[in-house]
Amino acid sequence: MGGLPKVNGRCRAALQKLVEREPRQSGYPFSSWTCADLVRELARKGFEVVSRETIRVHLHTLGYRVLRPVLSIASPDPDYHRKVKQLERYKKQAKNGEVLLYFEDELDLNLLPGILRCWTLRGSQRKVMTPGLNVKRYGFGAVNYISGQTLHRIEEHKNSSGFCAFIKQFMQTVTQSADYHGQKIVMVVDNFRIHHSKKTLAFLEQYADQLILFALPTYSPWLNAIELLWKHLRRKVTHNHLFQNIVQLVQAVHTFLEALNQTPDLTLSIIGATD
């Protein structure tokens with residue numbers, strides 16, 4: 001092992017056990033391990049003192065690297081597991097043709113462009129212009145989990161009226177589609193207030209025999225398949241480019257989603273529904 005003979009056997013096992021756990025989980029008053037911390041903790045556990053460099057090199061040989069973690073959200077919903085099981089049942093029913101399953105969500109459209117990493121010549125930096133005044137529009141959309149077909153509507157406001165207008169358009173389109181044979185239509189939504197406002201609930205009564213609005217567990221965006229479609233759209237349309245006006249931006253979104261409907265297999269791969 002060259003310079004690593006002092007980190008082996010029981011010491012190696014202790015090192016891996018330490019680095020695999022957050023320090024505070026083990027009762028330490030800090031949140032991230034440094035090589036110096038690991039040297040001290042191994043010594044405190046009775047192992048021979050080694051250098052910080054020995055620890056660093058040995059961690060590298062074990063496959064460890066210093067990388068930035070990602071933030072992870074855990075849903076606080078007490079019914080999380082029950083709702084996830086119900087969602088899986090709906091997916092199975094959709095595959096069997098028993099229901100039509102759609103995932104719905106809203107999309108904020110800003111004239112102010114988002115920024116995304118792109119190919120840039122070394123030593124230079126691309127600049128994306130900003131508008132003098134930001135203008136916003138809001139998209140309402142739904143994607144069929146089996147066919148990959150999408151429906152969308154763009155409004156000036158993200159409110160109950162806009163959501164109800166989308167539902168009306170959605171129901172008119174879906175009930176006239178070749179996929180519809182009188183089966184229940186399940187629309188998966190998050191817990192945004194417009195999905196369960198008094199105005200929305202009153203409006204939905206007319207579709208009570210046809211439409212089921214299924215609310216996901218709170219704070220669980222990873223369960224909403226259309227989130228991946230919106231992420232793809234942002235990368236391809238709204239980021240790194242300043243449109244001259246909001247009309248051009250809205251038209252670009254329309255064009256992109258209409259073109260995507262010509263390649264439903266691509267849509268299904270984007271939302272992770274190809275299995």
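Select Asn-240 to start: you'll find this residue in the loop between H7 and H8. The helix and strand labels are DSSP runs, numbered from the N terminus, with helices (H or I) of at least four residues and strands (E) of at least two. This is a predicted model, where local features need pLDDT of at least 70 and side-chain atom pairs count only at pLDDT 80 or more, while totals for chains, interfaces and linings use all residues. Residues are numbered from 1 along each chain as its sequence is written, and side-chain values use heavy atoms, with hydrogens and water left out.

Check the backbone at Asn-240: phi is near 65 degrees, a positive value in a residue other than glycine. Most residues other than glycine have a negative phi. Is Asn-240 buried or exposed, or partly exposed? With a relative accessible area of 25%, Asn-240 is partly exposed. Here buried means under 20% relative accessible area, exposed means over 50%, and partly exposed is in between, using a 1.4 Å probe and protein chains only.

Next, click Tyr-219, in the loop between strand E5 (211–215) and H7. Its phi is also positive, near 50 degrees. Tyr-219 counts as exposed, at 62% relative accessibility.

**Into the core**

Now select Leu-101, Phe-103, Leu-233, Val-253 and Ile-271. In the largest nonpolar core, which has 36 residues, these five touch the most other members. A nonpolar core is a set of buried Ala, Val, Leu, Ile, Met, Phe, Trp, Tyr and Cys residues joined through side-chain atoms within 4.5 Å. Colour the elements that give two or more residues to this core: helix H4 (80–95), strand E1 (99–110), strand E4 (184–189), helix H7 (226–238), helix H8 (246–260) and helix H9 (264–270). Which of them gives the largest share? That's H8, with seven residues.

Zoom in on Phe-103 and show its neighbours. Leaving out residues up to four places away in sequence, Phe-103 touches a list that includes Leu-87, Lys-91, Tyr-145, Val-188 and Ile-226. Contact here means heavy atoms within 4.5 Å.

There's another core to colour. It is separate, has 21 residues, and includes Leu-100, Leu-151, Ile-167 and Phe-203.

**A serine pair**

Jump to Ser-160 in helix H5 (residues 160–174). Ser-160 counts as buried, at 13% relative accessibility. Draw a distance to Ser-197: the two side chains make a polar contact at 2.7 Å. A polar contact is a pair of N or O atoms within 3.5 Å; within protein, one must be able to donate a hydrogen and the other to accept it, and residues adjacent in sequence count only if both atoms are side-chain atoms. Not counting residues up to four places away in sequence, Ser-160 touches Ile-194, Ser-197, Lys-199 and Thr-200.

**Pockets and a cavity**

To find the largest pocket, select Val-19, Ser-32, Trp-33, Arg-65 and Val-66, the closest to its centre of the 18 lining residues. About 630 Å³ of space lies in this pocket. For these searches, on a 1 Å grid over the protein atoms alone, a cavity is a set of points where a 1.4 Å probe fits but cannot get out; a pocket is an open set with protein on both sides within 12 Å along at least five of seven lines, and lining residues have an atom within 4 Å of a point. Grid points are joined across faces, edges and corners, and a volume is the space filled by probe spheres set on the points. Helix H3 gives the most to the lining of the largest pocket, with three residues.

Move on to His-195, His-196, Leu-201, Leu-204 and Leu-213, the closest to the centre of the second largest pocket among its 13 lining residues. Its volume is about 160 Å³. E5 gives the most to this lining, with four residues.

How many cavities of 30 Å³ or more does a search of the whole structure find? The search finds one. The largest cavity has a volume of about 40 Å³, and among the residues lining it are Leu-107, Phe-140, His-152, Trp-230 and Val-253. E3 gives the most to this lining, with three residues.

**Last stop**

Finish with Arg-89 in helix H4, partly exposed with a relative accessible area of 43%.
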